[in-house]
Amino acid sequence: GDYTPEVATASVPTSTEKQVDVSVRSSSGVLYHQLRNAPLNIVGGRGSYLITEDGLEILDATCGAAVSCLGHSDERVHEAIVDQLKKIPYCYSMFFTNSAAESLAKFLVDSTGGKMSRAYIVSSGTEAVEAAVKMAIQYYTELPVPQPKRVNIIARNTSYHGNTLGSLAVGHHAARRRIYESLLTKNVSHVPQCYPYRRMNPNETNDAYVERLAQELEDEFQRLGPDTVCAFVAETMPGATLGCVPPLPGYLKALKAVCERHGALLILDEVMSGMGRTGTLHAWEQEDVVPDLQTIAKGLGAGYAPIAGLLINKHVVDTLNKGTGAFVHSQTYQGHPVACAAAYKVQQIIQDDNLLPNVRAMGEYLGQRLHERLDSHPHVGEVRGRGLFWAMEIVQDKETKEPFPGSKGISRILHATGLKPRHAISLMPGNGAVDGANGDHIILAPPYNTTREEIDLIVEKTVQVIKEVLG
Ligand code: PMP
């Protein structure tokens, strides 16, 4: 999402006019986000720590981008990968299936209680979102009475859904979209997020706010013509661009009701919030909704392999089955045996080690400690989160909620400061300039097997970094 790796290495002027001089290395040829500077070189990892080539041990408080949910060196996953490599590293999914993909898909389908009946396994979150949107379009062409007019997608402001042209169009990351606007489909429009901190009116109740948000979606359906809308897309819990805002009770249910009223699909993007991150395997389990299509990624393979998936509701599968019987889409590395074997083992470990209760317990503890230490900080506007997925929104003025100007790059400075050897913690920065209105935020997303001691250390280091940068 908005965690820009260049910030770890750039010299950035801070609000307090200090210079953050994080070491700058030259790259031998890898193209990083920042062309001129390479980020710190990681040569090893152990549990929650990453080890640089200089031997610095960095506490990875974010699992990268909420990915490495088992930490960095689980031998059981290594073994599963090697076993699969010895059996068969690759076979082409247009011609063959493989046992690793079958086991993973069965686990995923079972984990939804059969509500989702197929898993389409790809290699990145972005690809999963692309596949979801394309499948939604195809679905309407294959209904017994086809509805080919349904070509509009409604998504949400300040959302992150990926970086290819389709997923970028669905997302709403202004800075990443700007120079590519000409290539982005105009068939996507955006409605407001559920974002109580900034968007709820004074004296408005939760219910009234949820009703207002549902009405805004309804209005957008009416503006477009309800029978032209194919899907509404939302992150179950927005991560990268908004910073861990838990949906208000009843919110997703109310929005799903709007979709159902107009016969449109609900696509929940759980690339970041799913696979256990918020305390249940699927974030929607806590919302009393079942999506028609669901994307998953980061926690699925825990970083041991690039892997993502699209979970497909039974009624969509049944429609495609009765129609052409094929999804008009295919990718060379779909259902990759080694990636699937890694992810299957990761998921077994999450179950066998009973990690989801730990996510809930440690998440609650993390939230409590962050509230204790940072609620009163003059530049921490809000501490919020769920499970092991927490963010602090950073503001210039706590009273007015005025953000720091995007040009200050506050979250990037916080990230760069964290990587200094004296702190040695990796925090995930989010940029308040994404929509020009929100504050910066930093995200914490520790591994699912984290401990109270580790949470204490993460909180202590985070507080020290915030104090150093913001006073
Ligand atoms: N959707 C969401 C909700 C995400 O958070 C991300 C990644 N931050 C993506 C999609 C894109 O995933 P990837 O970077 O794996 O392509």
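This report describes a helix pair and a strand sheet in a predicted model.

## The packing of H3 and H12

Helix H3 spans residues 99-111, and helix H12 spans residues 337-352. The two helices pack at an angle of about 40°, and their axes are 8 Å apart. H3 is therefore oblique to H12. The crossing in which H3 passes H12 is left-handed.

## Residues at the helix contact

On the H3 side, the contact is formed by Ala100, Ala101, Ser103, Leu104 and Phe107. These residues meet Pro337, Cys340, Ala341, Ala343, Tyr344 and Gln347 in H12. Sorted by class, the contact of H3 with H12 comprises 9 nonpolar and 2 polar residues, with no charged residues.

## The four-stranded sheet

Elsewhere in the description, the subject is a sheet. This sheet is open and has 4 strands, arranged in the order E13-E14-E17-E16 with antiparallel pairing. Its edge strands are E13 (380-386) and E16 (428-430), each of which pairs on one side only. On average, neighbouring strands of the sheet are turned by 20° against each other, with direction ignored.

In general, strands of a sheet pair through backbone hydrogen bonds, in either a parallel or an antiparallel manner.

## The pairing of E13 with E14

Strand E14 covers residues 389-394. E13 and E14 pair in the antiparallel sense, and this pairing extends over 6 bridges.

Note on methods: Residues are numbered from 1 along each chain as its sequence is written. This is a predicted model: local features need pLDDT of at least 70, side-chain atom pairs count only at pLDDT 80 or more; totals for chains, interfaces and linings use all residues. Axes are lines fitted to C-alpha atoms, for helices over the stretch in contact, and angles run from 0 to 180 degrees between N-to-C directions. Angles under 35 degrees count as roughly parallel, over 145 as roughly antiparallel, 65 to 115 as roughly perpendicular and the rest as oblique. A crossing is left-handed if the near helix is turned anticlockwise from the far one by less than a right angle, and right-handed if clockwise. Two residues are in contact if their C-beta atoms, placed from the backbone, lie within 7 Å. Ala, Val, Leu, Ile, Met, Phe, Trp, Tyr, Cys and Pro count as nonpolar, Asp, Glu, Lys and Arg as charged, and the others, Gly among them, as polar. Two strands pair if DSSP finds at least two bridges between them.
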